[in-house]
Amino acid sequence: MARIDFPKDFVWGTATASYQIEGAWQEDGRGPSIWDTFSKTPGKVFNGDNGDVACDSYHRYEEDIALLKKLGVKAYRFSIAWPRIFPQGTGEVNEKGLDYYRKVVDGLIAAGIEPCVTLYHWDLPQALQDKGGWDNRDTIDAFVNYSEVIFKAFNGKIKQWITFNETWCVSFLSNYLGLHAPGNTDLQLAVNVAHHCMVAHGEAVKKFRELGIEGEIGTTHNLYWFEPYSTSPEDAAAARRNRAFNNEWFMEPTFKGTYPQFLVDWFKGKGAEVPILPGDMETISQKIDFIGVNFYSGGFGRYKKDEGLFDCEEVQVGFDKTYMDWNVYADGLYKVLSWAHEEYGDTPIYITENGACYEDVLTEDNRVHDVLRKEYFKKHFIQCHRLIESGVPLKGYFAWSLLDNFEWAEGYRKRFGIVYTNYETLERYPKDSYYFIQDVIKNNGFEA
Ligand SMILES: OC[C@@H]1[C@@H](O)[C@H](O)[C@@H](O)c2nc(CNc3ccccc3)cn21
């Protein structure tokens with residue numbers, strides 16, 4: 001057994017998102033989001049599940065904060081629901097919506113926990129979608145207006161700010177693959193959405209700097225480690241396209257102010273071009289204080305003509321799988337963050353999400369012996385330590401998720417929490433993985 005110790009200032013946290021935990025979908029003036037619409041569209045979400053109640057954190061946030069305090073985290077990442085602040089996306093501020101987040105933020109601070117806020121975690125006001133959503137450049141100004149209200153309301157209280165969660169999901173998963181809200185399947189539309197979200201990110205960073213808001217601002221991209229199955233040039237090119245679809249398409253603009261040309265050309269061949277206006281790339285690549293990375297999995301790919309968007313098929317190489325059928329590929333975390341550090345420089349990195357879904361069984365005495373999830377965390381913590389030892393500026397780690405919650409198109413059947421949510425009673429029961437992480441935080445390390 002080897003002792004794994006983390007730096008004293010390493011930030012341990014957990015993460016959630018508004019639509020996935022809050023419920024109270026029509027309370028205190030909240031307007032409809034695209035996820036209220038999508039989840040109530042037959043066939044889009046497993047079992048017709050929706051976020052009307054979710055974990056009811058809108059009313060049970062004090063219980064959640066108590067769980068966070070007992071866990072011993074230094075920080076808690078959560079998102080603010082734009083439709084609570086601006087029920088129609090713009091116009092009059094809904095003060096009752098702000099009041100909820102004032103209670104959450106003040107409760108966290110009183111518990112000695114740093115609030116880390118995501119401004120956009122997918123719940124776009126439906127009223128903006130009705131006017132084209134992220135395909136409409138006006139939504140950029142609406143996002144900056146919303147961000148400015150939050151910046152000013154919580155200046156000095158919230159010190160870690162994330163503009164967007166996973167622009168890949170907002171664009172390609174939701175507007176090309178059609179699996180998330182609003183459920184479009186158009187490549188050009190998805191390329192437009194990705195671009196406009198990244199411009200919106202940059203404009204919000206500019207506003208943050210102009211207002212002199214305290215703290216640090218960044219964004220979160222989900223990076224997937226994908227490598228060629230063989231050394232053949234075809235496999236290498238196919239895997240590179242597939243990886244860039246997830247990684248470089250977002251990291252290059254954010255850090256270098258350019259899109260990866262080989263993929264621009266590939267998309268052009270598919271009839272999709274990036275709607276760049278003068279100044280956009282400078283806006284997108286505004287200097288940020290940290291980059292958030294969500295990492296879950298990775299894999300191997302090889303060339304297969306006409307397979308998917310990139311003539312690339314994933315090859316099964318025998319990885320253990322989670323209940324989402326995702327590979328458990330902890331080395332992929334080391335590889336992808338080493339690659340990001342090499343490619344994009346020394347900007348501090350936070351793992352803003354990492355975690356696993358498994359079939360959880362609640363025992364008679366309200367325990368969940370989630371051995372596989374504990375193992376998943378342990379394997380990925382070891383890779384975090386390797387990264388730090390290798391000089392990668394990894395500053396913190398947020399486990400996904402504090403609670404079992406609404407898992408988007410999978411509804412409530414897929415559980416990622418370190419705390420079990422009983423959706424009948426809304427009671428919360430810490431799982432064994434919660435106690436494992438509690439111990440790692442207490443000792444700032446563990447015996448590997
Ligand atoms: O799926 C687990 C979490 C999800 O609950 C979070 O809201 C979201 O930020 C999140 N992103 C990923 C990684 N990207 C992804 C890929 C395919 C489908 C959904 C998400 C996983 N997760």
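## Briefing: helices, a ligand site and some backbone details

Ala110 belongs to helix α5 (residues 95–110), where helices (H or I, at least four residues) and strands (E, at least two) are DSSP runs, numbered from the N terminus. This is a predicted model, in which local features need pLDDT of at least 70 and side-chain atom pairs count only at pLDDT 80 or more, while totals for chains, interfaces and linings use all residues. Residues are numbered from 1 along each chain as its sequence is written, and side-chain values use heavy atoms, with hydrogens and water left out.

- Ala110 counts as exposed because its relative accessibility is 69%; exposed means over 50% relative accessible area, buried under 20%, and partly exposed in between (1.4 Å probe, protein chains only).
- From C-alpha to C-alpha, Ala110 is 9.8 Å from Ile65, although 45 residues separate the two in sequence.

- Helix α7 (residues 138–154) has 17 residues and spans 25 Å between its first and last C-alpha, close to the expected 24 Å; the expected span is 1.5 Å times one less than the number of residues.
- Twelve of the 17 residues of α7 are buried, so this helix is largely enclosed by the rest of the structure.
- Among the buried residues of α7 are Ile140, Phe143, Val144, Tyr146, Phe151 and Phe154, along with the polar Ser147 and Glu148.
- As background for reading such a list, an α-helix has 3.6 residues a turn, so residues three or four places apart point the same way.
- Just after α7 comes Gly156, with a positive phi of about 90 degrees.
- Helix α8 (residues 167–175) is mostly covered, with nine of its nine residues buried; they are Thr167, Trp168, Cys169, Val170, Ser171, Phe172, Leu173, Ser174 and Asn175.

**The ligand and its surroundings**
- The ligand sits in the largest pocket. Here a pocket is an open set of points on a 1 Å grid over the protein atoms alone, where a 1.4 Å probe fits, with protein on both sides within 12 Å along at least five of seven lines; sitting in it means that more than half of the molecule's atoms lie within 2 Å of its grid points.
- There are 16 residues around the ligand, and Gln20, Glu166, Glu353, Glu407 and Trp408 come nearest; a residue is near a molecule if one of its heavy atoms lies within 4 Å of it.
- Of the 460 Å² of accessible area that the ligand has on its own, the protein covers 88%, with areas from the Shrake-Rupley method and a 1.4 Å probe.

**Backbone details in the loops**
- A cis peptide bond joins Ala181 to Pro182, with omega near 5 degrees, and Pro182 is in the loop between α8 and α9 (187–211).
- Another cis peptide bond runs from Trp400 to Ser401, with omega near 10 degrees; Ser401 is in the loop between β12 (394–400) and β13 (419–421).
- Trp408 is also placed in the loop between β12 and β13. This non-glycine residue has a positive phi near 50 degrees, and it counts as buried because its relative accessibility is 3%.
- Asn366, in the loop between β11 (349–354) and α15 (371–389), is a non-glycine residue with a positive phi near 60 degrees. Asn366 has 31% relative accessibility, so it counts as partly exposed.

How values were computed: 1 Å grid on protein atoms, 1.4 Å probe; cavity = no way out; pocket = protein on both sides within 12 Å on 5 of 7 lines; lining within 4 Å.
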